[in-house]
Every structure is written in structure tokens, then in C-alpha cells.
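This report presents selected features of one protein model. Please keep the sequence and the structure in view while reading.

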Amino acid sequence: MTRFRIKLTLTILGLISLVLLLMGVYFAKVLENAYLQSLHQLLLRESRLVAQVVRYPEVFSHEGNLAEQVEQIAPAEEVRITVINRDGSVLYDNYSRFQKMENHLDRPEFQSALAGETGISRRYSETLEEEMIYVAVPVQQGDKTIGAVRSAMSIRDITDTVHNMWYSLFTGLLVTLIIGSLVVSRISFSIIRPIEEITRVAGNITQRQFESRVRIKAKDEIGQLAGAINFMASSLEQQMYEISENQQRLSGVLNNMTSGVIFISEHRRIMLVNPAVEKMLGTPGHDVVGKLHIEAGKSFGLSQYIDRCLDKKEKFRQEVHIYYPHERILDVNFAPYINFKGESKGVVVVLHDITEIRRLEKMRSDFVANVSHELRTPITSIKGFTETLLDGAMQDEETCRNFLQIISDESERLYRMIRDILDLSKIEQKRIPLQMESVHVQEVISSAVTIVQESAQRKHLTITCPDETPEIWMMTDKDCLQQIILNLLANAVAYTPENGRITIKTEVTQQQLKLQVIDTGIGIPEKDIPRIFERFYRVDKARSRDSGGTGLGLAIVKHLIDNLNGQIFVDSVEGKGTTFTILLPGVKKFT
């Protein structure tokens with residue numbers, strides 16, 4: 001049984017129950033009032049009759065005569081008769097010993113009787129311990145009220161009668177509800193079943209179950225409605241299939257685009273974003289959809305152009321910088337969305353991330369500028385000293401030797417620079433094949449130390465090598481490993497003042513070689529650490545040039561380590577020294 005059928009059944013049964021209940025309450029009250037009215041009249045007659053008999057002085061003031069007269073007139077014990085003096089003292093009571101009864105002066109019915117009226121009261125009797133009805137009338141001698149006669153009777157019979165009637169009423173109501181529920185349920189089922197069927201199919205359609213159909217063969221209006229519902233379901237099924245296919249194609253295109261797509265409504269709220277935009281903004285799509293574009297995009301420049309497109313309804317292209325969550329350069333196309341009525345209903349924004357392109361362009365430009373500058377310096381020196389020699393300086397043997405030595409040094413520097421540029425180019429393009437072999441790490445370190453030992457001795461530098469034991473063997477490219485260590489040692493020698501120390505440490509952790517080159521050199525300022533692996537980047541250009549460096553050593557180290565699937569870290573304190581830490585995989589033996 002559906003909720004509506006239950007509701008209809010309960011409504012009808014509720015109405016029947018309410019009518020029966022109201023009728024029962026009404027008749028119960030009528031019956032109760034009739035009983036009470038009859039009881040009032042009975043007690044009033046009893047009280048008046050006794051009052052007429054006991055009003056004489058020889059009766060009212062004489063205990064024996066008073067009791068005799070009352071018992072003659074009202075012998076039945078079902079009515080309680082009480083004779084009360086004007087001061088409230090009890091002169092006679094046929095239920096209790098009147099000598100022990102309390103003063104009745106404060107009884108409301110007695111007060112009314114003393115005032116010459118008929119007093120009626122209903123309350124609980126402490127003496128008889130049950131609810132009673134009291135009727136009191138004055139006892140008069142001439143114009144003077146000398147006391148009152150009060151008759152009382154229990155209302156237990158009336159209460160029991162009313163309770164029996166309520167019991168009968170509820171019994172009848174229960175039987176009526178049982179029978180009525182069966183009848184009403186059957187009637188409501190025949191009325192509601194077709195509506196339930198139509199509602200079920202309509203609900204299935206809203207849940208995209210378009211294959212559902214109404215199974216009703218009636219020829220009446222409900223049958224016609226069922227046919228219309230079935231036709232609508234069939235039409236919707238076909239249309240939703242086509243819409244779903246189109247939506248799948250559109251979702252496939254949007255989800256696989258590397259460019260970001262945002263649709264903003266005419267109310268300036270984001271209605272659609274694709275995964276590329278989520279990556280650019282660093283926020284999931286469900287967190288930005290529905291928000292104002294200026295709140296979700298967190299880019300004032302981008303929001304300005306969106307507002308311009310919404311206001312002017314014109315198509316344009318703009319390069320935009322965003323700084324959250326990371327700094328990016330975007331090539332953005334803005335176009336108004338026009339619906340089939342020709343109304344502007346929003347803006348379509350297409351974002352292309354050109355950060356890497358701009359970075360590569362800048363790197364290329366910087367590289368050309370740096371190479372030109374670095375090549376110009378030795379070439380200028382060679383050209384200048386050569387011209388000086390040709391102009392006659394060759395005649396002075398010492399000067400000639402000095403100039404030729406300078407020309408030789410600058411030629412060597414030029415050669416190293418060109419060699420490093422070519423090596424770096426090959427490494428970047430991965431044109432140097434890796435020759436993986438078993439390498440003894442301590443031997444490679446010793447070989448590299450031997451190469452830089454002469455330069456270190458000229459500056460009185462102390463180089464400390466790692467212990468020979470335990471031996472460390474790893475599967476790697478020996479030449480790459482040696483070049484990495486050699487470049488780091490050469491860098492340490494170049495930037496460590498005289499009498500300094502260079503320490504090489506090795507450690508094996510989780511099949512990885514941890515190699516550290518620690519010097520007590522001039523250190524690297526914290527702001528320059530992120531850029532030291534860039535080509536030709538120098539912390540102190542004048543000092544670097546004096547040291548004979550090309551500015552490519554650390555760039556080569558970084559690319560070689562990347563090729564070996566390793567990592568490099570830098571820890572430096574300006575004026576105290578620098579530590580380069582390398583992590584390389586491939587440790588095969590550690591004994």
C-alpha cells in the first residue's frame with residue numbers, strides 16, 4: 001500500500017472516528033447532565049421535606065425528636081441527611097455520629113442556605129471517602145433562618161454509567177475502524193492503483209529509466225493519461241539517448257583538452273570547468289562551480305577581461321598572468337556565448353598555459369646572450385694581445401711570453417666552454433648512451449680527487465676521502481658518476497679559500513648511494529640557491545670569472561643526475577660553506 005493510499009484510508013477512518021467520538025462525547029455529556037439534574041431534584045425534594053418537618057422548635061432543638069422525625073421521613077440510607085445549626089454545628093447525620101463531625105460553617109452549600117437560597121455543591125467527602133453531590137436548603141422559623149438541612153448522595157452510579165457508556169463507545173469505534181479499514185482499503189486500492197502506476201512510471205522517468213511503461217488497459221480518462229505517459233516516455237528515451245551521446249562526445253573533448261575551458265553565465269558565476277582548468281587553478285571543479293568568477297579564479301586581471309567580455313559582448317585574446325596556486329602565463333581567448341535567440345548568456349573562456357614556452361624562450365634568449373658574452377671575453381682577450389704582439393711587443397721576450405701565456409689560458413678557457421656547451425647539449429638531448437656497469441664507488445672518488453689534487457694543493461686545501469671499507473658497488477654509468485664528482489670537487493676547490501677543507505662522505509640507505517661533497521668555502525646566498533643549476537648563472541660573476549669557471553658545471557651535474565634517476569640537494573650558509581648531497585639508486589653490494 002502506497003503512502004497516498006494509506007493517507008486516504010486514514011483520512012476516511014479518521015473522519016468516521018471523529019464523528020463517532022464527537023457523538024459519544026455529546027451523548028455522554030447529555031446523559032451525565034440528565035442524571036445530575038435528576039439527582040439534584042431528588043435531593044432538593046428530600047431537603048425541603050425534612051426542612052418542613054424539623055423547623056419547629058420542639059423538634060429542631062431536641063436531639064431525640066429530631067432524629068425520630070428525620071428517620072420517619074427519609075428512612076432510606078442511600079440519601080445522606082444532615083441537619084446543621086446556624087453556627088455550623090451538626091445536629092443530626094444519618095451516616096455518621098454527628099457529635100464527632102467537624103463544624104460545617106465553611107461549606108459553600110451551607111453558606112448559600114443561610115443566605116436563604118438553595119445551595120448545591122459537588123466535592124469529595126473526607127468522611128465517606130468518595131465524591132458526593134450536596135443540596136442544602138434553609139430551615140426557617142418565621143422570617144428567621146435557624147439552620148439548614150443538607151441532603152447528599154454519591155455520584156458513583158452516574159460515574160459508572162458514564163464509564164460503561166465510554167467503554168461501549170470505544171468498543172463500537174474499534175469494531176467500526178476494523179470493518180471500515182477493510183472497506184475503505186478496498187475502495188482506495190481500486191481508485192489509487194492506476195494513479196500509483198502512472199506515478200511509478202513518472203518517477204522512473206525522472207530517474208532516467210525511460211524504458212518504463214504504464215501497464216493499464218482502461219479506456220477511461222486514466223487510460224488515456226497512461227497512453228500519453230507511455231508516448232512521452234518513448235519520446236524522451238530517444239531524445240535522451242541522443243543528448244547522452246552528444247554529452248559524452250563533449251565531455252570526452254573537454255576532459256582530454258590540454259587547454260582550460262570555463263563557461264561563465266550572464267550572472268558572472270562559473271557554470272562549467274574542465275580538468276585542465278582545475279589543474280591551473282589548483283582547485284577541484286566542484287569547489288568553483290556556482291561561485292562568482294572573481295572569487296573562484298583569484299586573478300584580478302582574468303576577472304577584468306571576463307567582465308569586459310560580458311559587458312561589451314566582444315571576442316578578443318589576451319595574455320594573462322596568474323599567481324595562484326603557482327605563477328603561470330596564460331594565453332586566453334574570450335568569446336561571448338550567444339543562445340538560439342541571439343541573446344548573450346555568458347562567456348566562454350579558453351586558457352592555454354604558455355608558461356613553459358615563455359620560460360624556454362627566456363632561457364634561449366639568456367643562453368644566447370650569455371654565450372655571446374662568455375665567448376666575447378676570451379676572444380677579445382686573444383684578439384687584443386695578438387694585435388699587441390703584431391704591433392711590436394714580440395721584440396720583448398718577457399712581454400711576448402706573458403702575452404702568449406694569456407692567449408693560451410684564454411684559448412683553454414674558450415675550449416672548455418665550447419666543450420661544456422656541447423656536452424650539456426648532448427646530455428639534455430639524451431644523446432649520450434648510458435653504459436651501465438658495476439662500479440666501485442671509492443675508486444671513482446679517488447680518481448676524481450687525483451685530477452683536482454694539484455689545484456687543491458696550490459691553495460693548500462685539504463681533501464678528505466671516505467673510508468675504503470666497507471666497499472660500495474653499484475650499477476651505474478662510471479663516466480657519468482666520475483664527471484658528477486669531478487665537477488662538484490672542481491666547484492668546491494674554486495670557491496674554497498686557502499687553507500680550507502673539502503670532505504667527501506658516502507652512505508648507503510635503502511639501496512641508494514648518498515654522496516656528500518662538503519666544503520668550507522664562501523657559501524651561496526639563500527636567494528641564489530634555487531638558480532645555481534641554471535646555465536651560466538653565477539652568484540658572484542666577477543669572482544666566478546676569476547676562478548676560471550664556465551658557469552655550466554652545476555647544470556651538467558644536474559642533468560647527469562637526472563639521467564641516472566637520482567636527486568641532488570644543496571645546503572649552504574654564506575661565509576661558512578656548502579654541502580651538495582646526491583642520492584643515486586643502484587647499490588648492489590655493500591661489504
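## Basis of the model

This is a predicted model, in which local features need pLDDT of at least 70 and side-chain atom pairs count only at pLDDT 80 or more, while totals for chains, interfaces and linings use all residues. Residues are numbered from 1 along each chain as its sequence is written, and side-chain values use heavy atoms, with hydrogens and water left out.

## Aromatic pairs

The structure holds four aromatic pairs (rings of Phe, Tyr and Trp, the last by its six-membered ring, with centres within 6.5 Å; planes under 30 degrees apart count as stacked, over 60 as edge-to-face and the rest as tilted). The pair of F263 and Y337 is edge-to-face, because the ring centres are 5.4 Å apart and the planes stand at 90°. F263 belongs to strand β6 (residues 260-265) and Y337 to strand β9 (residues 328-338), so this pair ties together parts that are 74 residues apart in sequence. Strands are DSSP runs of E with at least two residues, numbered from the N terminus.

The rings of F316 and F334 are stacked, because their centres lie 4.9 Å apart and their planes are at 25°. This pair links F316 in strand β8 (residues 316-322) with F334 in strand β9, 18 residues apart. Ring pairs also link Y305, F316 and F334 into a cluster.

## A charge over a ring

Which ring lies under the charged end of R308? The charged end of R308 sits over the ring of F316, 4.0 Å from its centre (for Arg, CZ must be within 6 Å of the ring centre and within 35 degrees of the ring normal; for Lys, NZ).

Key
Helix = DSSP H or I, 4+ residues; strand = E, 2+ residues; numbered from the N terminus.
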